[in-house]
Amino acid sequence: MVSPASRRRAAGHLLSCGCSRLRACRVAGLSRSSSRRTPRERNPGLRAKVLNLAADNPRYGFRRVHALLEGVNVKAVHRIWKAEGLRVRRKPRRRIKVARTEQPTLTSANQAWCLDFAHEQLDNGRYARILGVLDCYTRENLLLKARPSFPAFQVQEELEWLFLVHGQPERLVSDNGPEFRALTLPVEQAFIQPGKPWQNGYIESFFGKLRDELLSCESFGCGSELQSALDDFQEHYNNQRPHLGLGGLTPARFKTRLLTQREDKLEAILGV
């Protein structure tokens, strides 16, 4: 409360509450003569011009309205804008409503895959989108592909190739991006709720490691350099990097142990 106008408003509020003018001015730090002063409009015709322009152009903000007025201080326009309570009403963003589904308990590979995008800026100023696919149980990185853009049909092509190589999963977990919503695959698609990336925590954690161990440590001159580095990281992640969530095993070794246990159990059942 430094400016005279703010002190005058404070004194007026105290007067409306029943305080005497002497006491109100003493509390607000204002002289009694100043408290009675009614500030004059510096530019009487400006308020009408601003209101008319705002009415004619409801999507204009105060800076655009100021650009239409010549020889006027932008602060004066802003002061009138605030005093009249003018504002550009923004259309609320429509969010897709997705009911939360309970995540099933995972017991084997290919029960659920999770996928998402990461972004990286190259040295030439261009951006690349990185599609990552992860097995939620074995934590094996199945795909790490970078492209300038990733429309839905290319995402579908990559997933169909993975189905041929690794088998078809029971469900795909992803966010509500248009690239994932437009997929037409013969598997269940489990979409997380908007604004809750932790519901797809496995791939978010993986991208955090990718960012920390590769993308934040190196720069890439072009897309081919980035893809080569991603291929090396995928090989290292799956076969050399111990995963604490898997008891210190690598995803490849954990998957091999699962297959061995399954074969031993099947042999025991068949009595071989």
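Arg87 is exposed, with a relative accessible area of 58%, where exposed means over 50%, buried means under 20% and partly exposed lies in between, for a 1.4 Å probe and protein chains only. The model is a predicted one, in which local features need pLDDT of at least 70 and side-chain atom pairs count only at pLDDT 80 or more, while totals for chains, interfaces and linings use all residues. Residues are numbered from 1 along each chain as its sequence is written, and side-chain values use heavy atoms, with hydrogens and water left out.

**The loop between H6 and S1**
- Arg87 sits in the loop that links helix H6 (74-83) to strand S1 (112-121), helices being DSSP runs (H or I) of at least four residues and strands DSSP runs (E) of at least two, numbered from the N terminus.
- On the surface, Arg87 gathers with Arg59, Arg89, Arg90 and Lys91 in a patch of positive charge, a patch being made of residues with over 30% relative accessible area and no salt bridge, with like charges joined within 9 Å and nonpolar side chains within 5 Å.
- A salt bridge is a side-chain nitrogen of Lys or Arg within 4 Å of a carboxyl oxygen of Asp or Glu.
- Asn110, also placed in the loop between H6 and S1, has a positive phi of about 65 degrees although it is not a glycine.

- Strands S2 and S3 run antiparallel and are joined by six bridges, pairing being assigned if DSSP finds at least two bridges between two strands.
- Val133 has Leu143 of S3 as its bridge partner, and five of the seven residues of S3 are buried.
- Arg139, in the loop between S2 (127-135) and S3 (141-147), is buried, with a relative accessible area of 17%, and has a positive phi of about 60 degrees although it is not a glycine.

Key: Areas by Shrake-Rupley, 256 points an atom, 1.4 Å probe, with all protein chains shown as cover. Lys, Arg positive; Asp, Glu negative; His and termini not counted. Charge placed at Lys NZ, Arg CZ, Asp CG, Glu CD.
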